[in-house]
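Dear colleague,

I am handing over the structure below, together with some notes on what was found in it. Please read the notes with the coordinates open beside them.

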Amino acid sequence: MAEQILVQFRVDKDLKQEVAEIYDELGMDLPTALRMFMKKSKQARGLPFEAVLPESKCCRTDFRAAFDELRSEAMDLDEVNLDEINAEIVASRAERKK
């Protein structure tokens, strides 16, 4: 067996907890998952997943324009009352059970 060393790094506490829970559901602990990541990185001779920048950058004005467009589309929709919403939910659940 190869000599083993301790690897330490800092990470956000909430992120670590969330990721540890994901791996726990997969039946492994965080150190095992990190070893798998390192072995796969060695195999790929890089990151074991695609890491690219998006083709274009979005800025606040792009998001605002998209939001405004969606809002204007929503303004053209008919009003829906609570009874109609509940009827749609019941119909959807019935359809799912089929």
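The 13 residues of H1 should span 18 Å at 1.5 Å a residue, and the end C-alpha atoms of H1 are 19 Å apart, which agrees; the expected span is taken as 1.5 Å times one less than the number of residues, and helices here are DSSP runs (H or I, at least four residues), numbered from the N terminus. This is a predicted model, in which local features need pLDDT of at least 70 and side-chain atom pairs count only at pLDDT 80 or more, while totals for chains, interfaces and linings use all residues. Residues are numbered from 1 along each chain as its sequence is written, and side-chain values use heavy atoms, with hydrogens and water left out.

After H1 comes Gly27, whose phi is positive, near 85°.

The largest pocket has a volume of about 770 Å³. A pocket is an open set of points on a 1 Å grid over the protein atoms alone, where a 1.4 Å probe fits, with protein on both sides within 12 Å along at least five of seven lines, and lining residues have an atom within 4 Å of a point; the volume is the space filled by probe spheres set on the points, which are joined across faces, edges and corners. Its lining consists of 21 residues, of which Val7, Phe9, Pro31, Leu34 and Arg35 lie nearest the centre. Helices H1 (13-25) and H2 (30-44) each supply at least two residues of this lining, and H2 gives the largest share, 7 residues. By class, the lining divides into 16 nonpolar, 2 polar and 3 charged residues (Ala, Val, Leu, Ile, Met, Phe, Trp, Tyr, Cys and Pro count as nonpolar, Asp, Glu, Lys and Arg as charged, and the others, Gly among them, as polar).

Ser41, which has its place in helix H2, is buried, with a relative accessible area of 16% (buried means under 20%, exposed over 50% and partly exposed in between, with a 1.4 Å probe and protein chains only). Leaving aside residues up to four places away in sequence, Ser41 touches Gly46 and Pro48, contact meaning heavy atoms within 4.5 Å.

Arg45, in the loop between H2 and helix H3 (60-75), is exposed, with a relative accessible area of 79%. Arg45 has a positive phi of about 55° although it is not a glycine.

Best regards
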